[in-house]
Amino acid sequence: MEARFLLGFLLLLSLSSFAFAIYEDQVGLADWHKRYIGKVKHAVFHTQKTGRRRVVVSTEENAIASLDLRTGDILWRHVLGKNDAVDQIGLSLGKYVLTLSSQGSVLRAWNLPDGQMVWETDLQISNPSNSFLHVLGNVKSGRDSLSLVCNGGSIRAVSSIDGLVVWKKDLSVDGLKLKHVFQPPESDTIYAIGFIDSSLIALYHINAKTGELLKHATQASSVDLSSEISAISSDSLVALDTSRSNLLLIKFMAGTITNHKLPLSDIVQDFSGLAELIPTKSNDIFVVKTPSNVAFIKVKGDNEIELIGKADEAGIVSDSLILSEEEQAFAVVHHSNNAISFQVRINGREALTEGIKIEDHRGHVKRVFLNNYVRTDKSHGFRALIVMEDESLLLMQQGEVVWSREDGLASISDAVVAELPVEKEGGVSVVEVEHTLLEWLKGHMLKLKGTLMLSTPDDMAAIQAMHLKSTERNKMTRDHNGFRKLIIVLTQSGKVYALHTGDGRIVWAHLLTPLLQSESCPSPSVLTLRNWRVPHRKALQENPSILLVGRCGAGPESHGFLFIVDSYSGKVLETQILDHSIAEVVPLPLADSSEQKLHLVIDDKLNAHLYPRGSDALEVFVREMANMYYYKVENAKEVIKGYAFKKGCSTGSSAYCFGTRELWSVVFPSDSERIVATARRKINEVVHTQAKIMTNQDVMYKYISKNILFVATVSPKAAGGIGSAAPDEAWLVAYLIDTVTGRILHRVTHQGAQGPVHAVVSENWVVYHYFNLRAHRYEMTVIEIYDQSRADNKDVMKLVLGKHNLTAPITSYSRPEIATKSQSYFFTHSVKAIAVTTTARGITSKQILIGTIGDQVLALDKWYLDPRQTANPSQEEKEEGIIPLTDTLPIIPQSYVTHTRQVGDLRGIMSFPANLESTTHVFSYGIDLFYTRIAPSRTYDSLTDEFSYVLLLITVVVLIVAILVTWAMSQKKDLQEKWR
Amino acid sequence: MERSSALIGSIFLLISISCLINPISAAASGSGEGYSIAGRVKLDNFVTKGFGLGHSPKLSETKVILNGGQRTTFVRPDGYFSFHDVPAGTHLIEVSSIGYLFSPVRVDISARNPGKIQAALTENRRALNELVLEPMKDEQYYEIREPFSMLSLVKSPIGLMIGFMVLVMFVFPKMMDGVDPEEMRQAQEQMREHGIPSISNLVAGRS
């Protein structure tokens, strides 16, 4: 009977089929989601009306967003496609946000309150170039207002209501570049000024309602014109010449053009270098920024100009802000040490100067956007949005930072995981224990109520809050389960952040590149980061540290640098500018006596430099040098080369520098194959078992080698995107190459298939995703590799007599016979990133993490991709859990690890093990960040948070009571029987 | 489509009359050899139920993606979207909308027959007469918590434990009843002699 019970119990367990699924009230328990926008490049304030004050921004990450000006929260956000960079944004009719993108060819209008796209117009521009958008204020054709988009020599007028092109005027002049459009108030004529081939100035009068060309005039310029102009009034503008040292004042009164050259050195006494014009709007004032200062210049009468103000330090200048008919304001921001001075100048005069302290990890000011508000005493107050070097966004008002956003996190380029400090031994007071015990009991009572569905909405909210507030998960110490860790990320700006896995908060952040900026290192940029020292037996007391490697210049031959950073505090432990370049950093599976991991830095001349520098590191490396190999994929030449290391390098005599010797090369025929993707196993992946038992009690041995490289090539015609190649001229070849010997282990061709290819390699299998042109669907293929040379180890006698080769190490030196099995499946979605779950000991079954086109992360069980599947599995196969073969991989909505969240512009997924074997951390990043913990085979090794201890307690109590009652009853019965 | 405004309806009518073989709106645009693909995303037939707290699927969050990310566009309030300047060939359109599963759509723009566009859902190979994209199904991202029932309590490990206990308490004595008391005593004495301890012995032993 018990056996039957057990069976039933197991059956019930197996019924719960989804390995990963959460209830709605569990959101936020183990996961967190952070939304960012990226580095702001345009900002438009919307503060006129009462109600919600907001600012609309567009960013380098092609996002447009509306932010609440009080808190900096995102009200709405859209991420445009990756080729759809925003050129300009504007407001129209007070309720639409207009965005001009794709080099002036797409104009979109978004509803300001909720971000719904209202209309989209393709402007059909033949040669996309610098375009600009001009929203006309007062063309009243009905209630509509027109927006002009100028591109080269053509103007398009677009209705703001529905996005229809009202009129279109191609001025059809070769080399014409329109620079400025304006419309005098109460007039139906639009004036358009442009330059023709930087030597002619052209003026066009255009009817605002019909687009009819009324009048045009051209005039030769006295200087070569650059593209920078500044419109200073309704009939004049200022341009800069190509030498950037002369100004040209252009007037276009009544259809005629006059121009007048003014050397800048006449106006600004100590002028030298290259000047820059800051766009202004009117008032006869313009701003010239020179390397040493900022000059405010006013035009007076005919061709006379006057310097009306000067800011002595060159700072960052905002665009002009019109306060009234006569007044316009500029913000000038200087940065010194860890403070910035914020200065507002009205018509060149200093109106306001504030000093604001700023954390020094933000770097310099990059951009500033000025906005004003009217105080109760009718005077002007100013606020400014400031974009810093680390891409963060600050709002400044009244000498204070009102809010700040860490938008640098929108451009993560690399990430590693580090441990937190060990909890210090120390007494915990009894009061504290009692308090927590009470809280604990209370919490469990609430949970019990929840389980029994007796709780009120208030209780539910309390449960939710309790989960989220749980101090346990946000502690700054290492935990037994390995749930609390630091994710250390590197962003495009070169800033390094440490994020806590508990709630995603920033533990520390450092902008490292300014530390290096010097003559010897002009433009430092960080390339990658690695674990330098991880807590280990010998190094438990040492703080773990991170290695950051970067380049001093843009080219591949520029010198490298490295930083070693303490991962607990972010303190820089070591800085070094290297005397060689950096092409690649190869982490080695070796460590020196102080547990610093050995790294080889390969330079552009293929020399290998060993780090850390130390005699024991050198000793360790030289001992293992004969077993160290390096391979290089040369994408441009379609070649993969393998190298061994030798003593003595070509550039110097340093003992830490090693030369390389070419061992093998795989040359792909460049006329028929292009390398599109490579993938290899994670260096630290743990495999639990080598043997795989088949349904017929047979044993297959997995071919587990760390040296497998997956390479995918496509035909040159299919190298473009989908839609560019026909099925007949497209093919995809997948290779498995041993990186030590260069041996091609396996090769398979998919006819009619093309990229993009996303691949992941783990244990003895590879899964890759590509596009099948014949079926016009995406496909995923799995290849599993088995070692045939170990296949005859099944003989028991051999095992007993020790004549087996199971203990022989897997080595690339021998040529094992391998067998592969593969299977292909259709997959519905496009894929942006692919990864595989990793657990501490590799026992838990694997899930493939797929970043889909909808910016979600899907966890797909590996057993859906099993080459052993057949259409009609036999009874044994069914018992083993092999599902029948289907042509399409199932997409179960509950297995989206991101549930209802989206990771905008998803770029990468990372999985790293917890100490608990069943659980793995998943961190995915794009513009947004999403972190969660998943258990691919459920948490079989621990009780979940859902587990009701109170219910258990009650059961135990009930059991004891029942025992007592039955005991009493049996006694009574005994007594009665004895009396009988 | 019937629900759309009269103007749009008449445009569709015009197109379908003018070229019966070409039901999907497509137009050769002025510049170059590009064509336009226009279509509509329809969500209104789907009732959204049990969606996340404070999240309701919005049309404003719906993206339409051409060829796996080459181009991205958004849908208008009425559900319409369009791609311009698309070269002839076979293309793939995907709709990304949280809460719904859309099948990708294969769109063929004929090079020989300019402006002729055919579309089909790739998941079930169903040809589309008009490019109206409807979700295949709505996606439920959360496990539904089953309402409290005795069955679920019984199914839980603790429930099984209690169940087993109850069984032992009430069914075993019933089974014992069937046994002749004399035989039972004999068996018990035998057991005592052999020294096999049992719970009943322990309980009985105390009295």
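These legends walk through several close-up views of a predicted model.

View 1. Across chain A, pLDDT averages 82, and 90% of the residues score at least 70. For residues 1-19 of chain A, the pLDDT is below 50. Looking beyond near neighbours in sequence, that stretch makes 17 contacts in the model.

**View 2. Strand β3 of chain A, covered on both faces.** Strand β3 (residues 54-59) is mostly covered, with six of its six residues buried. In a regular strand, side chains alternate between the two faces of the sheet. Here A:Arg54, A:Val56 and A:Ser58 point one way, while A:Val55, A:Val57 and A:Thr59 point the other way, and all are buried.

**View 3. The neighbours of β3 in chain A.** On to the pairing: strand β2 (residues 40-46) of chain A runs antiparallel to β3(A), and six bridges join them. In that pair, A:Phe45 stands opposite A:Val55. Strand β4 (residues 63-68) of chain A also pairs with β3(A) in the antiparallel sense, over five bridges. A:Val55 turns up again here, opposite A:Leu67 in β4(A).

**View 4. An open sheet of four strands, β18 to β21 of chain A.** The order is β18-β19-β20-β21, and the pairing is antiparallel. β18 (225-233) and β21 (258-263) of chain A each have a single partner strand, so one side of each is left without a neighbour in the sheet. From one strand to the next, the twist averages 25 degrees. Zoom in on β21(A) and you find strand β20 (residues 246-251) of chain A paired with it over six bridges, antiparallel. Two leucines face off in this pair: A:Leu247 stands opposite A:Leu262 in β21(A).

**View 5. Another open sheet of four strands, β55 to β58 of chain A.** Its order reads β55-β56-β57-β58, with antiparallel pairing. The edges belong to β55 (753-762) and β58 (818-827) of chain A, each of which pairs on one side only. The twist averages 20 degrees from one strand to the next. Seven bridges hold the antiparallel pair of β55(A) and strand β56 (residues 765-772) of chain A. Within the pair, A:His758 stands opposite A:His769 in β56(A).

View 6. In helix α6 (residues 615-624), the buried residues are A:Ala617, A:Leu618, A:Val620 and A:Phe621. They cover an arc of only 165 degrees around the axis, which puts them on the same side of α6(A). The buried residues pack against several strands of chain A, including β43 (584-591), β45 (608-611) and β48 (657-667).

**View 7. Chain B at a glance.** Chain B has five helices and twelve strands. Of its 207 residues, 37% are buried. Take the contacts between residues at least 6 apart in sequence: 56% of them join residues at least 24 apart. Chain B exposes about 11,900 Å², and carbon and sulfur atoms supply 60% of that area.

How values were computed. Residues are numbered from 1 along each chain as its sequence is written. Chains are lettered from A and ligands numbered from 1 in the order in which they are written. This is a predicted model: local features need pLDDT of at least 70, side-chain atom pairs count only at pLDDT 80 or more; totals for chains, interfaces and linings use all residues. Side-chain values use heavy atoms; hydrogens and water are left out. Buried means under 20% relative accessible area, exposed over 50%, partly exposed in between (1.4 Å probe, protein chains only). Contact means heavy atoms within 4.5 Å. Accessible areas come from the Shrake-Rupley method with a 1.4 Å probe; for residues, only the protein chains shown count as cover. Two strands pair if DSSP finds at least two bridges between them. Axes are lines fitted to C-alpha atoms, for helices over the stretch in contact, and angles run from 0 to 180 degrees between N-to-C directions. pLDDT is the predictor's confidence in each residue, from 0 to 100. The arc is that of the directions from the helix axis to the C-beta atoms.
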